[in-house]
Amino acid sequence: MAMIIEVLTGKHGTVRQRVRVDVPSMSIGRALTNAVILEDPHVDAVHARVLRSDDGQYALEDAGSVNRIEVLTGLLQDRVALSDGTEVQLGKTWLRFRDEDAPVAPALPLQRSVATPARAPRWHERTSGRIGLVVGALLLTGAEGWLGSSELDAGTQVLGVTLGVAVAFILWAGIWAVAARVITGKFAFLAHLAVIAAAWIAFDLGDQLKNTIEFFLPENRVAPVLYTGLLLVVLAALVSGHLAFSSHLSRVARWRVGATVSAVLLALLGAFALVDDDQFTSAAAFSSEIRTVSPSLVPKQSVEEFSAEMADLRADVDELLAKND
Amino acid sequence: MSCVSRLATVVLCCVLALPARAQEQAGDGPRDATSTVFARYSDRILKVQIIESSSSAKRSIGTAFFVSSDGLMLTNYHVISDHIHERDDNRVEVLQQDGTAIPAVVVAVDVVHDLAILRTGLVTPSFFTLGPVALRQGDRLYSLGHPSDLGLSIVEGTYNGNLKHTLSPKIHFTGSINPGMSGGPTITSDGRVVGVNVSTMGEQRSFLVPEGQATALVARVRAPGFAAAPDPFTEITAQLTDFQDSYLRTLFVEAPKRVDVGPFNVVSEPTPYFRCWGGSQRSDDRDKTPMYVQTWHNCGTDDDVFVAGEQRVGVVAVKHLAITSERLNAARFGALFTSRFGLDPTPSGDEKHVTVWKCRARNVAAPATPVRAVLCLRGLKKLPGLYDAVLQVAVLGRSNAGLVSSLTLSGATFENIDQASTRFLGLLAWR
């Protein structure tokens, strides 16, 4: 059975060089005549020899070196019996000896091979799909800006806003891409751009939906709950999506991180809102959404019902007054 | 207009002086008359000052005058309102001619007409007897007081009748009443009190509380069994409650005047004491057809009631804003309509006096058209049972025209707010 010599970067370090030993005797040292040549001024020209005994056991024997052989315990020795995992120091260089049949860890999957090779990439995994998402998000921003503006020079404004959003996307995705490069070795810039674009579209459509519901059913209790739920999910998906391209975390772990981040963020926002609520203001906040649809489609109250709502409102104000006393 | 008169009242409360206009001298006659009037009546006028307890210095001044031999003095409510609101921090002093300060108590107030009666315990041989005075427009009058703490002064001016557009009567006096003269009398040359100096719009446009209101307040104090209310706010609240009943109960009841504003037909000038102003604006002048046109028609009452430096009530305002567009599509018009409807129509307020606004928004089938209606309500902390309210309504139905109308009431009971709002909803329609 052969033995493998690993030249390490330091004590318990990573491997710099491996040499297979399958001869009865092999020399290690600084001279170029050695089988294992070490670049270390504290190592002798011929420092030590690996010897195989008749029963196949390997040992390392000092060849009369200046600094001898140091083992992990710090003792200096002339002969060391070698087994799998034995580490020694020659000069300042650490060596580790491995059995050739020692088990190795399974290969780490490459990012691109997460999907089984048999399956064709889905639309959002393709470059065209990702570019489509980004373009879609920008078009949506532009269209909304245009529909929201009533000025003559709406076009210029819309262009300005859309470009601003595009720049923000690029900065955001750029930060994630740099982080991804550090951690996984790959930038995946377009993937990060697609993630933020998809989240933007979801936020935006959710907001539109909320406002439209607010017009048809003003001050209903369900829409804000649904909207908060949507925010939580989209925010978690955003974080988890970015992590998919910038970490080795499993899908479950990614969502766990995403959910935590989004919950903490929303809790903070909620706390801010509470603080704000406590402050006196003489400005009034009310639901002002109007949609120009046929009024026959809009659920309406009678004037009497509205009057009853006013009485309700009075009770709210009286509660405030009572608190003041 | 209402903001101008509000400003005028504010000006009177503080001691800062406005540049006084030199009185025109028309020969020797008036000069003689004026000096005679001054000599004859100046001993009936006193300076009032509000002393802030922690600094022991005056925070504001005004004028008062004797109206009885047992020392009742008339002044404006706004002169002593700091004392009413923070009794312990602000005491009232009256300064005699020789400069001695005497503490005074507030016997009664008429917050609606901005009057108050003080007493010090002093008796006086010299006082004005209140009673009706017959006057013609242009009659010469003399106003006395302490402008800007410069010493007792006399100002000549002319009587110009009662204001036409006010809820509570006010005399238009053409003469310079300046800060500090509040609470002083304006008299005829033979010493008859015409009114009490109350406010100014500057440029000699000054206003007096008619003598009749002062007489009524003195009569109340003189009535057998009168006792000063232990909590002045109980009295003030009762007065303001009666006052708002007097004009809100009937508001919009009789078929009010209707006008066309853009493609809408809306209520205007619900009573004679409202005045309306209007205008129209294109969104831009670069193209022949503008993106949209805004037309407004705003009506309001001219006067409001001073309760405290930061608190007025009695405001009634009706505002209409019509938006029309020939160029915007339905979605873009909806966004424009939303932005105009979202503009906060509520008046500001001070935390000492008002709660925060609470609002309700609903889509309502008003009698003539479907609308989006928002009612915002806040309570008045020191005036239990009275509220400020703003009803803001968007008239729905078309994708290229919309109306935002609002009704603002302040210091009103909930009943009156409810009824006026309900009636207002019936007064908005498409043409």
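Number the bonded cysteines of chain B in sequence order, and the pairing reads 1-2, 3-4. This is a predicted model, where local features need pLDDT of at least 70, side-chain atom pairs count only at pLDDT 80 or more, and totals for chains, interfaces and linings use all residues. Residues are numbered from 1 along each chain as its sequence is written, chains are lettered from A and ligands numbered from 1 in the order written, and side-chain values use heavy atoms, with hydrogens and water left out.

A disulfide here is a pair of cysteine sulfur atoms within 2.5 Å. That rule gives 2 disulfides over all chains.

**First stop**

Select Cys276(B) and Cys299(B). Their sulfur atoms sit 2.1 Å apart, forming a disulfide. The torsion about the S-S bond is about 105°, so this disulfide is right-handed. Now show the strands (DSSP runs of E, at least two residues, numbered from the N terminus). Cys276(B) lies in strand β16 (residues 274-282) of chain B and Cys299(B) in strand β17 (residues 293-301) of chain B, so the bond ties together parts 23 residues apart in sequence.

Buried means under 20% relative accessible area, exposed over 50%, partly exposed in between (1.4 Å probe, protein chains only). Cys276(B) is partly exposed at 23%. Cys299(B) is buried at 3%.

**Next stop**

Move to Cys359(B) and Cys376(B). They form a disulfide, with sulfur atoms 2.1 Å apart. This link is right-handed, with 110° about the S-S bond. It joins distant parts of the chain: Cys359(B) is in strand β21 (residues 358-365) of chain B and Cys376(B) in strand β22 (residues 370-379) of chain B, 17 residues apart. Both Cys359(B) and Cys376(B) are buried.

Note on methods:
Helix = DSSP H or I, 4+ residues; strand = E, 2+ residues; numbered from the N terminus.
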